[in-house]
2 protein chains.
Amino acid sequence: MSDTLPRTHIVGAGLIGASIGIGLSAEGWPVTIADADAQAEALARSIGAGGPLGDHAPDLVIVATPPSVAGAVVVHALQAWPGAVVTDVASVKAPIAEAADATGHGARYVGSHPMAGRELSGGLAAQGDLFKARPWVICPNGAAAAAVELVLRVPAALQCDVVTMEAPAHDAAVARVSHAPQVAASAVAAALGALHSDDVALAGQGLRDVTRIAGSAPGMWADIARLNRGHLVETLDHIIADLEDLRESDDIGEAVTDLIERGRFEVARIPGKHGGATRDWAGVTVIVPDEPGHLLKLLGDTAQVDVNVEDITIEHSPRQPVGLTTLYVLPSRAAELVAALESQGWEIAAS
Amino acid sequence: MSDTLPRTHIVGAGLIGASIGIGLSAEGWPVTIADADAQAEALARSIGAGGPLGDHAPDLVIVATPPSVAGAVVVHALQAWPGAVVTDVASVKAPIAEAADATGHGARYVGSHPMAGRELSGGLAAQGDLFKARPWVICPNGAAAAAVELVLRVPAALQCDVVTMEAPAHDAAVARVSHAPQVAASAVAAALGALHSDDVALAGQGLRDVTRIAGSAPGMWADIARLNRGHLVETLDHIIADLEDLRESDDIGEAVTDLIERGRFEVARIPGKHGGATRDWAGVTVIVPDEPGHLLKLLGDTAQVDVNVEDITIEHSPRQPVGLTTLYVLPSRAAELVAALESQGWEIAAS
């Protein structure tokens with residue numbers, strides 16, 4: 001089986017299913033795809049996400065339905081194709097693993113969670129490269145080694161970073177790194193409701209960062225919250241307890257300092273580049289006219305001194321035709337960059 | 001007084017005081033500066049932030065001390081220089097206005113809040129341009145019109161956007177757009193403490209955005225929380241109530257959808273470009289090798305089709321030498337940009 005490409009059937013032709021179909025098809029895999037919605041299925045076919053199932057039983061079934069029905073579809077697939085290995089792509093894993101185990105066919109089920117990380121949906125947005133260089137979590141649960149090996153060929157073909165963990169640990173982790181942050185960001189945004197729009201205009205980059213994910217549509221969050229309720233509530237309880245402790249503290253200044261110090265320690269553990277912990281990049285903030293070409297010139301002048309830009313933030317100024325662009329670079333190169341940019345006539349706002 | 005430049009004395013030679021001193025001195029203002037710390041004062045002098053006070057009483061005093069002592073220093077300045085107008089730059093305004101009013105000299109006090117928005121501190125980081133194109137809030141309180149007019153000349157000289165509001169409204173607004181978001185971001189980060197570092201590695205751009213401000217040092221947050229405790233607690237209570245309602249809801253899916261919808265409505269009110277509401281930019285995500293020069297080439301190929309880049313995010317891939325760079329552009333130009341970039345050989349990961 002490791003030499004021939006597995007006959008792969010995808011159930012669900014939304015963004016994730018169609019993108020996997022396009023990606024695997026591009027690698028020469030024999031892919032079929034189906035969707036309960038005939039229009040979605042036809043669209044996926046038309047963009048090369050896979051053909052019709054036909055008479056051959058699949059070797060591998062990838063369930064890419066909404067999370068709320070993923071468990072039932074996995075169970076159905078395990079029963080319908082007794083020779084197939086089944087995986088699914090839902091972002092909550094333990095409830096689906098439990099449903100698979102309950103069929104007695106748990107040895108043929110392996111959980112997957114490809115972390116695409118963009119707020120898109122629908123087959124029209126599908127791209128074969130959607131997962132390239134992204135984490136793809138594999139939860140082996142009680143699966144047979146051969147089943148795990150087969151499922152691992154999918155992220156390998158799509159050039160993903162494979163992360164292996166057990167389903168409950170995965171669900172606990174995504175509650176803290178993804179589900180609760182989404183809810184908290186929405187709660188911070190909702191608290192702006194008390195303000196007049198003129199007052200909201202005092203917002204700076206900090207608020208824009210905190211609430212960026214609060215700007216997207218609810219999408220599958222209802223399903224995710226229902227399936228991962230236990231871990232989500234546990235994480236919210238942690239956050240609520242910290243906020244309550246702070247509001248009831250004798251000295252709110254000391255309490256804020258303590259909370260910020262604890263949060264800061266954790267932020268340093270969030271990976272930045274190449275799997276390492278976030279480095280402290282140095283920011284060089286430049287005043288850039290808000291017109292085409294100026295950002296290009298800035299990057300060009302930066303490249304002249306062979307400094308790599310690790311991150312960029314652009315802050316548009318209210319009511320003025322300039323923006324503040326911050327280039328994040330290795331701290332050891334910041335002074336040199338500032339000198340080079342100033343010699344090219346750039347106004348440095350901060351460094 | 002509107003023709004001659006006011007003799008201006010700055011009390012406090014940290015980042016804000018020294019930056020104002022440099023900026024006003026560059027515009028020809030006669031500026032003096034003092035700091036309780038002789039070394040900080042000497043440093044500020046050496047970088048052109050102002051001379052020694054001398055015998056002349058100032059026309060304008062700018063108090064740029066830490067917020068915890070700003071009220072006392074404002075009171076002292078109002079009493080020491082009976083002919084001077086006094087302002088301060090603390091990020092909480094009502095307690096200082098109350099202290100000024102209590103002296104009976106409230107007509108000569110005007111609150112200021114320049115919103116520099118960068119996490120820097122110390123006179124060494126001082127830049128005359130620190131406030132350029134940023135909001136500068138003026139709280140007139142009970143000040144005489146001539147006093148307000150004099151203080152307004154400072155943000156005018158520093159090319160800031162002036163926003164006028166009363167002190168209590170200012171404090172209520174910054175609690176919601178700045179103080180509570182900082183606390184909430186730190187609480188989200190602190191909740192990562194339960195996770196092994198391997199699990200924190202599942203973090204995506206969403207968590208990095210939410211917790212970015214949680215990575216900075218506590219700095220003046222203790223002072224700010226003490227001075228604005230009432231408004232901060234009121235905002236935290238709003239956030240806690242939303243999180244509590246969610247955890248206790250009969251259907252957590254419905255509750256999450258409702259909270260996300262409410263948050264989304266508010267996010268749309270956060271100003272983006274030129275004072276307008278945030279537009280829905282279209283994101284074009286490109287796979288970019290993580291080496292100097294590639295980002296430049298990408299911007300160059302973008303400029304070829306004369307598309308303005310409104311914002312950029314760069315996401316480094318763990319363990320792979322590529323990054324995902326998303327260019328945010330006018331939605332009407334996105335398709336054209338994708339075609340142009342593809343014709344130049346760029347891999348588009350999503351659009």
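Is B:Phe131 buried or exposed, and what is its relative accessible area? B:Phe131 is buried, with a relative accessible area of 1%, where buried means under 20% relative accessible area, exposed over 50% and partly exposed in between, for a 1.4 Å probe and protein chains only.

The structure is a predicted model, in which local features need pLDDT of at least 70 and side-chain atom pairs count only at pLDDT 80 or more, while totals for chains, interfaces and linings use all residues. Residues are numbered from 1 along each chain as its sequence is written, chains are lettered from A and ligands numbered from 1 in the order in which they are written, and side-chain values use heavy atoms, with hydrogens and water left out.

Chain A has 13 helices and 11 strands, the helices (H or I, at least four residues) and strands (E, at least two) being DSSP runs numbered from the N terminus. The C-alpha atoms of this chain fill a box of roughly 70 × 55 × 40 Å, taken along the principal axes, and 58% of its 351 residues count as buried. Among the contacts in chain A between residues at least 6 apart in sequence, 67% join residues at least 24 apart, a contact meaning heavy atoms within 4.5 Å.

Over all chains, the structure holds 2 aromatic pairs. The rings of A:Phe131 and A:Trp136 have their centres 5.8 Å apart and their planes at 75°, so this pair is edge-to-face; rings of Phe, Tyr and Trp (its six-membered ring) pair if their centres lie within 6.5 Å, and planes under 30 degrees apart count as stacked, over 60 as edge-to-face and the rest as tilted. In chain B, the rings of B:Phe131 and B:Trp136 likewise have their centres 5.8 Å apart and their planes at 75°, so that pair is edge-to-face. Both A:Phe131 and A:Trp136 are buried, and B:Trp136 is buried with a relative accessible area of 1%. A charge is also found at a ring in chain B, where B:Arg153 lies over the face of B:Trp29, at 6.0 Å from the ring centre; the criterion is that NZ of Lys or CZ of Arg is within 6 Å of the ring centre and within 35 degrees of the ring normal.

Between the chains, helix 10 (residues 229–247) of chain A and helix 6 (residues 167–190) of chain B pack at an angle of about 135°, with their axes 9 Å apart. Axes are lines fitted to C-alpha atoms, for helices over the stretch in contact, and angles run from 0 to 180 degrees between N-to-C directions. That angle makes helix 10 of chain A oblique to helix 6 of chain B, since angles under 35 degrees count as roughly parallel, over 145 as roughly antiparallel, 65 to 115 as roughly perpendicular and the rest as oblique. The contact is made by A:His238, A:Ile239, A:Asp242, A:Leu243 and A:Leu246 of helix 10 of chain A and by B:Val183, B:Ala187, B:Val188 and B:Ala190 of helix 6 of chain B.

In chain A, helix 6 (residues 167–190) contains A:His170, which counts as buried at 0% relative accessibility. Not counting residues up to four places away in sequence, A:His170 touches A:Ser91, A:Val92, A:Lys93, A:His113, A:Val137, A:Cys139, A:Met165 and B:Leu202.

Most residues other than glycine have a negative phi. A:Gln159, however, has a positive phi near 60°; this residue lies in the loop between helix 5 (145–157) and strand 7 (161–164) of chain A and is partly exposed, with a relative accessible area of 40%.
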